[in-house]
Amino acid sequence: MSYSPNGVSIHPTVEALTTATAARLITKLVDVQSRRGVATVVLTGGTVGIAVLDAVATSPARVAVDWSKVNFWWGDERFLPTDSSDRNAAQAQLALLSRLPVSPERVHPVPSTEEAASVADAASEYARALAAEAAGEKLPAGFESIDPRLPRFDVLLLGVGPDAHIASLFPEMAGIRTTGETVVSVLNAPKPPPERVSLTLEAINTAEEVWLTVAGEDKAGAVGLALAGAGPVQVPAAGARGRTKTRWLIDQAAASQLPERLLDPEGTGPGSEED
């Protein structure tokens, strides 16, 4: 079964990709805040994901966002000590959160090894935090989350691994097969560290918009398979779908194995224009 996303935007370099994605994210947050005051973004880690956050923090346009009214969650996290530089939350703190006037009570990291006795407990606590936020959320009619266990996610950012994993949902493993839950613990991830916490695919797909940011030739096979319509159990990136928009934001190297139908004569995918 083929898959046609709302937009495939191809950029000549990873620097162009991160700058453009940061500008797009700022524009999106401003738009959401203009319509309902508060915006919610789900962050990702990885080289490109953190580079995007750095680009947001250094963009002159960042002042257009009311950062005190942005909620921050994470799509996945490594189960490590709070101050570990390998934690997505710690990297985001350095790249973005410590550099902007965010409200600490709106920042929701996954529990660390000091805060949860086990990775399973961390997953349960994160699920409870999401549910509690959802229960207290006061949104205008028409803006509610489709899942009462989750707050509304306006934009959910994802990276994609060379094996096509997203968040900490790896091919053929239990996490990508999990249904009926919002959060899953991962005990034997194929890349270190082995213990992780991740949103499930069902939870990811409640987001209004899902943006997959990918760079590098080593990711080209994963991008090509995902956009050609592979199954999500084998190619988790193929299963990530935003409710209203799914954006693939990639560099030229990652686009080298894209299906021809997604390329125009100039090598830029459909939907690359700002909207």
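Helices (H or I, at least four residues) and strands (E, at least two) are DSSP runs here, numbered from the N terminus. With that in hand, Pro 193 sits in the loop between β6 (183-186) and β7 (196-199). A cis peptide bond joins Pro 192 to Pro 193, with omega at about -10°.

A word on ground rules: this is a predicted model, where local features need pLDDT of at least 70, side-chain atom pairs count only at pLDDT 80 or more, and totals for chains, interfaces and linings use all residues. Residues are numbered from 1 along each chain as its sequence is written, and side-chain values use heavy atoms, with hydrogens and water left out.

Buried means under 20% relative accessible area, exposed over 50%, and partly exposed in between (1.4 Å probe, protein chains only). Glu 209, Trp 211 and Thr 213 point one way from β8, while Val 210, Leu 212 and Val 214 point the other way.

Strands pair if DSSP finds at least two bridges between them. β5 and β8 run parallel, joined by 4 bridges, and Val 155 has Glu 209 in β8 as its bridge partner. β8 also pairs with β9 in the parallel sense, over 6 bridges, and Leu 212 stands opposite Trp 248 in β9. From β8 the chain crosses through helix α7 (residues 220-228) to β9, a right-handed β-α-β crossover (with the strands pointing away from the viewer, the path from the first strand over the helix to the second runs clockwise).

**Salt bridges**

A salt bridge here is a side-chain nitrogen of Lys or Arg within 4 Å of a carboxyl oxygen of Asp or Glu. The whole structure has 11 of them. Here are three:

| Pair | N to O distance |
|---|---|
| Lys 28 and Glu 209 | 2.9 Å |
| Asp 154 and Arg 36 | 2.3 Å |
| Glu 208 and Arg 152 | 3.9 Å |

Lys 28 lies in helix α1 (residues 14-36) and Glu 209 in strand β8, so their bridge ties together parts 181 residues apart in sequence. Lys 28 counts as buried at 15% relative accessibility, and Glu 209 does too, at 4%. Asp 154 and Arg 36 are both buried, as are Glu 208 and Arg 152. Salt bridges also link Arg 36, Arg 152, Asp 154, Glu 208 and Arg 243 in a network.

What is the nearest side chain of opposite charge to Asp 251? That would be Lys 219, 8.6 Å away, and Asp 251 is buried yet has no salt bridge (Lys and Arg count as positive, Asp and Glu as negative; His and the chain ends are not counted). Asp 251 is in strand β9 (residues 245-251).

Ala 167 isn't a glycine, yet its phi is positive, about 45°. At 9% relative accessibility, Ala 167 is buried. Glu 172 is another non-glycine with a positive phi, about 70°, but Glu 172 is partly exposed at 43%.
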